[in-house]
Amino acid sequence: MWGPVPKVLPFSVQSLSTDEIVGQGTLFFNAGYETTASTLNFASHHLATNPDVQEKAYTEMKDLLGDEEPNFDNIGKLKYLDNIITETLRICPPVFVIHRRASETIQIKGLTIHQGQPVFIPVLALQRDPQLFKDPNSFKPERHDEKSNPLSFLAFGYGPRICIGMRLALVEMKIALVHVLRRVKFERMPNTKDELTFKHSVVLTPAEDIVLKISPRF
Ligand code: HEM
């Protein structure tokens, strides 16, 4: 049987040990770099395979930002770009499973989850569930114009342990995309896949290289 969840954490809360500082620092690098880089890779693929979406994003940034440098204050104007990132994270969540440990025994729809039992939440499967998202494998940023159940989108997790870097990640990914999409266009190549497949890894990793053509905008 699963043991109870300890009420007092098994490390000091008075001060951090060197190991804890190194652990937290490493976690920040691991959690912060690969996740944002992967999301930008997945976004590039979806923009190349959905040229109408890419043009709409380009028009939005031209109309609302003009030649302004993208920054924390003006990036919030770009609602469609925000939808593109949310849709990328829905269809390709870099953290595709999150986990919890039950703090007490509970019954949900006839299923007993015991105190201390680990629970794995399949983020990717949930975010592609046709009961939650119509035509779930299609890349449709417009679907995020409407509010949905917040528990149907778990790319950053949920609750007190939600991703601590979420806001930073969203701002940096949007700024990066504005800089890139202003200058270049992502296009398909003959061997660009319609749909990405993934291999076993800690973060969601494409099974094959993402192949795209990048042409300058004039
Ligand atoms: C697209 C980018 C990112 C995605 C998709 C992402 C996703 C996640 C997810 C799913 C969790 C677990 C949440 C839960 O269990 O409820 C998490 C936790 C965390 N993330 Fe992120 N993350 C991203 C970017 C970042 C960045 C940029 C940083 C730091 C600079 C960061 C730092 C962390 C940390 C420290 C945790 C652990 C929080 C805790 O346990 O209290 N993440 N992230």
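Trainee: What covers the buried residues of helix 3?

Mentor: In this predicted model, the cover of those residues in helix 3 includes helix 1 (18-49), helix 2, helix 4 and helix 5.

Trainee: What makes helix 3 largely enclosed by the rest of the structure?

Mentor: A residue counts as buried when its relative accessible area is under 20%. Eleven of the 13 residues of helix 3 are buried, so the helix is largely enclosed by the rest of the structure. Among them are Tyr80, Asn83, Glu87 and Arg90, together with Leu81, Ile84 and Leu89. For the protein as a whole, 34% of the 218 residues count as buried.

Trainee: Why are helix 2 and helix 5 called roughly perpendicular?

Mentor: Angles of 65 to 115 degrees count as roughly perpendicular. Helix 2 (residues 51-65) and helix 5 pack at about 105 degrees, with their axes 10 Å apart. The two helices are therefore roughly perpendicular to each other.

Trainee: Which residues make that contact between helix 2 and helix 5?

Mentor: Helix 2 contributes Gln54, Tyr58, Met61 and Leu65, while helix 5 contributes Val178, Leu181 and Arg182. By class, these residues comprise five nonpolar, one polar and one charged. Val178 and Leu181 also belong to the buried residues of helix 5, which include Ala169, Met173 and Lys174 as well. The buried residues of helix 5 pack against helix 1, helix 2, helix 3 and strand 5 (184-187).

Trainee: What makes Cys163 (SG) a donor to the iron atom of the ligand?

Mentor: An N, O or S atom within 2.8 Å of the metal counts as a donor here. The SG atom of Cys163 lies 2.3 Å from the iron and is the single donor from the protein. Cys163 is located in the loop between helix 4 (123-127) and helix 5 (166-183).

Trainee: How many helices and strands does the protein have, and in what order do the elements run?

Mentor: There are five helices and eight strands. From the N terminus, their order is α-α-α-β-β-β-β-α-α-β-β-β-β.

Terms used. Residues numbered from 1 in each chain as written. Predicted model: local features only at pLDDT ≥ 70, side-chain atom pairs only at ≥ 80, totals over all residues. Heavy atoms only, no water. Donors = N, O, S within 2.8 Å, 3.2 Å for Na, K, Ca; no water. Helix = DSSP H or I, 4+ residues; strand = E, 2+ residues; numbered from the N terminus. Axes fitted to C-alpha atoms, helices over the stretch in contact; angles between N-to-C directions. Parallel < 35°, antiparallel > 145°, perpendicular 65-115°, else oblique. Contact = heavy atoms within 4.5 Å. Nonpolar A, V, L, I, M, F, W, Y, C, P; charged D, E, K, R; others polar. Buried < 20%, exposed > 50% of the residue type's maximum accessible area, 1.4 Å probe, protein only.
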